[in-house]
Amino acid sequence: MKRFAILMALLLLIVGSAFAQDEKVLVVGHAESTDSLDPARGYTQTTGIINHVTYETLVTFPSADASAILPLLATDWTISEDGLTYTFNLRAGVTFTNGDALTADDVVFSVMRLKYVGGSPSFLTANIASVTADDADTVTFTLSAVDPSFLSVLANNAFGITNDAQVTENGGSAAEDAATADAAESYLNGTSAGTGPYMLEAWEPLVQTVLVRNPAYWGTAPYFDRIIITNIPEAATQKVALESGEIDIALDLTADQIPSLQSNADVAIASTPGNIVHFILMNADPEIGGPVSNPLVTKAIRLALDYDGYAALWGGITPGTVMAVGQQYAFGPDKALARDLDAARALLAEAGFADGFDITLQYPTFTFQGVIMDTNAQKIQADLAEIGVNVTLEPGELGVSLEQYRSGQQGFAYWFWGPDVLDPIDMLAFVPGGKVANERALWTDERASGDILALRDRARVATDPAEREQLFTDIQTYMQESGAFAPFLQPNVQTAFAADLQGYVWHPQWLIDLAILSSAE
Amino acid sequence: MPIHLYVLRRVIFTIPILLGITLVAFVIANAVPSDPINANLPQSQLNNTELVEAFRKEWGLDKPPVEQYLTYLGNLLQGNFGRSIKSRQPIAEDIARYLPATIELATTGTVAGVVLGVVFGIISAVWQNRLIDYLVRAFGLIGVSVPVFVLALVGLTVLHAELGWVAGPGRLGARLTPPPNVTGLFLIDSALAGNWIVFRDALSRLVLPSLVLGMYISGIISRITRSSMLEVLRADYMRTARSKGLRERVVVLRHGLSNAMVPIVTVIGLSYGSLLSGAVLTESIFAWPGIGRYMFRASTSQDFPAIMGVSILIASIYVIVNLIVDVLYYFLDPRIRAA
Amino acid sequence: MSSTISLTPASARRKALNRAVYIARRNPLLVIGAVVIFAWVLAAPLAPSLATHDILAQDIASRLQPPSAAHLWGTDELGRDIYSRVLFGARITIPAGVSVIIIGSLIGTVIGAVAGFVGGIWDEVIMRLTELFMAFPTIILAMAITAALGPDIRNAIIALVVVWWPSYARLVRGMVLKVKQMEYVEAAACLGAPRAYILWRTVLPNCIAPAIILTTLDIGNAILTFAGLSFLGLGPEPTSPEWGRMVAVGIDYFDQWWTWLFPGMAIASLVIAFNFIGDSLRDLLDPRMR
C-alpha cells in the first residue's frame, strides 16, 4: 500500500510538472485547406486565418466587419486628385520577428513579389502599375486605372508585408522572373517573416499548424502563448473533440450539430450569416455549356431551384444575387428569386427544350464551413429533375476541379464564392470582363448585351455613393434576369467553443482573428 | 543450409519482385492516354516553357517509354520519388512524414490481431465442436466480414462517445507536443525521450484503431491456429507428452502451440497487407495522419507521382515483411534448415 | 452390383435428402449463410415492391429522422428513406461483387490453365506476374487503377478484376499441373489429340471444381473490397444507394447512427453469410479441419 502511495505521488509529480508551466494554449479544430503559408502564394481560408496573425497589411478592417478602412502598418495615407496615386506613411517602431525594423523597401519587395511570383492571389496586383519607396517611411502606389476599392484590396492577407532581407536570404525574389527565380516558399512554410502578433513555429500539412507569440511584436501582446490549429476534416469528429475538451474551438460545424450542442453548458455557440455564396455556373460558350449557354435556360434553372430547401438544410439565407448579403448595396433575401416550376418549364419550352435535356454537373468533393457540397449537388439534381433536366453528377477532387473551373473548361458546375475584396465592386467578377464571368463561365463582352457592359463600365469607376447604389441595384436586377450564374445559398457559419473562451467574432475577410481571443479564468 | 546463405537467397529472390512492382506502378500511372505534363504540372505553370522543359528532362519524357521507366528507376534508386503535384513537396519527404503513423497502427493492429486470434484459436481447438468453439468461430467470421470502416464507426460511437472507455480520434492529443522524431513511431520515440505522458496518450489512442484492425486478422489467425492446433494435438508426440503425465495446459501451450506456429506466422505475414489496406480505409474515421489519407488524396487528385511512390513503397513493405516471415521460418521449421 | 440396382429413384432422393439434413444439422452456419444469401438475392429483384419510398425522393423537412413507423430505418441527410435505399443497394453491390468474381475467375482460369499446360517460359512469366500483382495490398492497387481510369462503378469493377485474377490463375495452374500428370491425359496425348483440345476437354473440367469453391469463399471478400472502394468515393456516383457510399456519408453524421449502421449491417450480413458458407464448405471438403 505504501509502495502504491509513493508510486502515485511520483506519477502526480510527473503529470503536475508537465502542466505546471502556465503556458496558455489555444487549440483550434479546423478542416485544414492550407495550400501555402507564403503570403504571395497561399490563397485559401486556412492560409487566411493563419497569415492574418503572422503578417500585417498596410490597412485593415474593424474586427467584425468591413465598414471602414483602418490604419495598421500605415498610419495615414493620401490619395491624388485623379485617384491613381496612393501615398502611405509607415508606422514607426514596427519590427519583424527577427528584430529587423520595417521599412518602405519591405513594402515594395512584398508587393512586387506578390505581383511576379505568379501565385493564386497575384491577380490582386493586376491594377498596380508601380510601387516605389519615397523614403524609409513612405511608399507610393500608382494604379493603372481608378479603383474605388483599392484600399479594401490592400487589406487582403496576400498584401501581408514580409521582411525583404530575410526572405531574399532564403531564396526569395521580387524580380520579374520571380515565378521561376523565387524559391522561398518552403522557407515560409516553416517560419514566418512578418510583423504580426504570432509567428509560425511549425506547419505539418494535414496534421497541425503551431503558432507562438512573436516576442518582437509592436502592439499589445495577445493573450495566448501558443495556438495549435489541429486538422480535423470531419465535422462530426470536431464536435466530439470539442465535447471532450480536446479542442477549445471548432470552426467547421454543420447546422445539424448545433441543437445537440446547445444543451451543453461547457460549450458556447456562435452562428452568424457568412459571406460565402454557393452558386451554379453555366458556361456561356455553346461548345462547352451546351443547352445552359442559352440565357432562357439559365433563367429556367434559376427558377427551378428550391431555395428554401437549401436554406433549411444548412441554416442560412437565400442571397438576391451572387453578391453576398452584407456587402454594401447587396439585395437581401426579400428581393431573392423564388421557385416557380411552371415558369421554369415554360422558359425551357421557349428555348426549345420542352422535353428537358441531359447535362453533367461538375463540382469539388469538399466540405466548406460545414456545408457538404456533395449533398447540395444531389439536391440540385433532384430540383432540376422536376423540370425535366436530367443531371449526372461528376464530383472531383478540389484541386483538380479548381483547375478545370479556373481555366473555363466546366460547362455546368457548382462552386462557391467568398469576396476577394470587401467592396461592392467585388461582384463585378461575375459580369463580363470580370474574373469569374470571363475566364470561368466564358461570359465575355462579345457574348453579353450592351446594357450590362455599360452598367459595368460606370460601376468600375463610380465613387459617388448614390450613383454607386443605383448602378449596383441595376446590375443585380439584370443578373437575376440574365447571366451565367444561379446563386442559391448563403449559409450560416457555425462556430462552437469552450464557454470560457472570450472575444470570438466572425469576420468576413479573415473569418477569425486568433490574436483577440482570450480565456476567462 | 546455413542461415546467412538462406537469407541471402531469399533477399536475391526479392529483388526482381521489387523491380517488377515499380514496373507495374509505372504502367498503371502511364496507362492514361494524357500528356503527363498536363497531369503533373499545375495549370498556371503550363505556359512556362522553362519549367515544362525542366520537368521533361528530369523524367525523360522526350524519350520512349522504356527509357522513361529507366529514368524513373534511376531516380528512385537515388531516393528521388519525384515531387507530388498536390503537396508540391518531394514525395520522399511526404512519405517520411505520413508513413510512420500507418506503420505504427498496422503493427499494433497486428499485435492485437495475433493475441486475439491465437487465444481464440486455441480455445476453439481445445474445446472443439463445443458451444464455445462455435461462438469463437462465429465471432472470428464476423471479424472478417464486417467492413473495417463500419467497425470503426461502431467502436467510436459505442466505446468512445457513449461509454468513454477508449480515447478518441487523432494520433496524439492536440495539446501534447509530439516526441522528438527518431523513428517516427510515437510509442518508441516518446519512450526514448522518457516522456511517459506522451507515451500514455499515444498508446491510449492506438487502442481503438488497433482493436478494429486486429478484429479483421484475428478471424483469419484464429481459424489457422485452430486447424493447425487440431492437427498437432492429435500427433503422436503429443500423445507421448500426455503419457509422460504432463499437465494438459503445458502440453497444449508448450508442445502444441510451438509446433502450430509455422502456419500462424505465414498468415501474419500475409495479413500485414490487409492491415495496411484496413488502415487506409479507417484513417479518415480516426483522424489518423497516415499514408492512407495521403494515398487517397493522391488518387482522387490524379497525383500520379505520389500514387506511384506510395504504391511502390507499400508493396515493397509487404514484400519485405514476407521476407522476414520467410527468415522466421528458418528458426521455426527444422525441415527448412535441413533442406 | 445388385444393391445398386434395387435402389428406387424415390429412395435415392430420400437418401440425398437425409444426407442434406444431416449436413445441415452438423453445419448450422451453412444453413444460416444460405438463408441470408437467399433473402438478399430475393430482395434485390423484389426491391421495387418491398421498398416503402422512392429512393430518390428528397424531403428536407423530415431529414435525419430516427427509425419510425413512417421510415423503418430512418432518413438520411436529404430526407430519403434509408430502408428503401438499402434494399435497392442490393441491386448494385451484389452484382458488382459477383461480376468481379466471375470475370476475375474466368480470366484467371484461362491464364492459369495456359501457364500450367504450356509450361516452360510462359509458365515462369505468368507466375512471376501474378506474384507482382499479389504484392500490392488490394485497396492500394485498386485505388491506383481507379485514379487512372476515373471513379465510377464500371471502373471500380475493372480495378477489382485486375486485383483478383492472379489468385485464380495460381490455383488453376496448380490443378492443371496435378491433372496433367494423370494417366488419362497422357493417354489422350498419346492418341494424338491436339493440345488445345486436351486442355479444353480433359484438364479444365477437372480443375473447375476447386475454382468454384474458391469463388464462393471469395464473393464476400469482393463485396467487401468493392464497398471499401465506394466508401472512399471511388465507386458509383453520389446519389447511388450503394452501401459503402451510404456508410461514408455517415461519417459526417455519426451521431445519427441509423444513417451508417443499416447500410453497414447490410454489407456485413451478406459477407458474413458468404463466409459462413465458405467456412462450412471448407470444413466439409477438408477432413483435417473437422
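In what sense do strand β4 (residues 74-79) of chain A and β5(A) pair, and over how many bridges? The two strands pair in the antiparallel sense, over 5 bridges. Strands here are DSSP runs (E, at least two residues) and helices are DSSP runs too (H or I, at least four), numbered from the N terminus; two strands count as paired if DSSP finds at least two bridges between them.

A word on the model itself. This is a predicted model, in which local features need pLDDT of at least 70 and side-chain atom pairs count only at pLDDT 80 or more, while totals for chains, interfaces and linings use all residues. Residues are numbered from 1 along each chain as its sequence is written, with chains lettered from A and ligands numbered from 1 in the order in which they are written.

Back to β5(A), residues 85-90. Asn89(A) in this strand is the bridge partner of Asp76(A). The hairpin of β4(A) and β5(A) has 5 residues between the strands, and Gly83(A) takes a positive phi near 75° there. Strand β5(A) is also joined by 5 bridges to β7(A) (residues 138-143), again running antiparallel, and Thr85(A) stands opposite Thr142(A) of β7(A).

In a regular strand the side chains alternate between the two faces of the sheet. On β5(A), Tyr86(A), Phe88(A) and Leu90(A) make up the covered face, whereas Thr85(A), Thr87(A) and Asn89(A) sit on the uncovered one.

As for confidence, the model scores ipTM 0.83 and pTM 0.85. Chain C has a mean pLDDT (the predictor's confidence in each residue, from 0 to 100) of 84, with 90% of its residues at 70 or more.

Key:
A residue is buried if 20 or more other C-beta atoms lie within 10 Å of its own, exposed if 12 or fewer, and partly exposed in between; C-beta atoms are placed from the backbone.
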